[in-house]
Amino acid sequence: MLFSETDPDFAKFFADFAFDDVVNQNDLDDKTRMMAILATLIGCQGRKAFECILPDSLKMKVTPVEIKEIIYQAVAYLGIGRVADFLEIANDCFKSLNINLPLEAQSTTTR
């Protein structure tokens with residue numbers, strides 16, 4: 001999303017809001033904030049925004065395992081039909097960043 005080229009006023013407004021107002025009005029650390037944003041984007045079906053912010057979340061120390069867990073848990077609330085695209089987006093991002101798939105199994109429960 002390069003709104004800075006097509007909608008510079010909106011881009012500035014959004015950047016000020018998202019990266020100044022919001023960040024300075026709560027007690028969340030960057031990693032937790034990014035995890036909440038990823039979950040929210042899945043919930044609202046914000047595919048493009050999810051795709052754009054996913055690499056930034058990795059830079060903020062959200063691990064691939066944590067990202068996958070957010071996506072997996074969303075299925076129980078939203079259904080596979082609404083979540084499958086986000087799993088694909090994450091897998092494509094991980095592959096582009098040379099993160100080996102599948103990730104190591106994390107399950108601690110049995111069926």
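Figure 1. K31 counts as partly exposed, at 26% relative accessibility, where partly exposed lies between buried (under 20% relative accessible area) and exposed (over 50%), with a 1.4 Å probe and protein chains only. In this predicted model, local features need pLDDT of at least 70 and side-chain atom pairs count only at pLDDT 80 or more, whereas totals for chains, interfaces and linings use all residues. Residues are numbered from 1 along each chain as its sequence is written, and side-chain values use heavy atoms, with hydrogens and water left out. K31 forms a salt bridge with E66, the closest N and O atoms being 2.9 Å apart; a salt bridge here is a side-chain nitrogen of Lys or Arg within 4 Å of a carboxyl oxygen of Asp or Glu. Because K31 lies in helix α3 and E66 in helix α5 (residues 64-78), the pair ties together parts that are 35 residues apart in sequence. E66 is also partly exposed, with a relative accessible area of 22%.

**Figure 2. The salt bridge of R47 with D85.** The side chains of R47 and D85 meet in a salt bridge, at 2.7 Å from N to O. R47 belongs to helix α4 (residues 47-59) and D85 to helix α6 (residues 80-96), so this pair ties together parts that are 38 residues apart in sequence. R47 is partly exposed at a relative accessible area of 30%, and D85 is partly exposed at 33%.

**Figure 3. The salt bridge of D30 with R33, within helix α3.** D30 and R33 meet through their side chains in a salt bridge of 2.9 Å, N to O. The two residues are three apart in helix α3 (residues 30-43), and are therefore separated by about one helical turn. D30 is partly exposed, with a relative accessible area of 38%, whereas R33 counts as buried at 10% relative accessibility. The structure holds four salt bridges.

**Figure 4. The cysteines C52 and C93.** With a disulfide taken as a pair of cysteine sulfur atoms within 2.5 Å, the count comes to zero disulfides. C52 is in no disulfide, since the nearest cysteine sulfur, that of C93, is 11 Å away, which is too far for a bond. C52 counts as partly exposed at 37% relative accessibility, while C93 is buried, with a relative accessible area of 9%.

**Figure 5. The chain as the setting of these views.** The chain has six helices and zero strands, helices being DSSP runs of H or I with at least four residues and strands runs of E with at least two, numbered from the N terminus. Buried residues make up 23% of the 111 residues in the chain.
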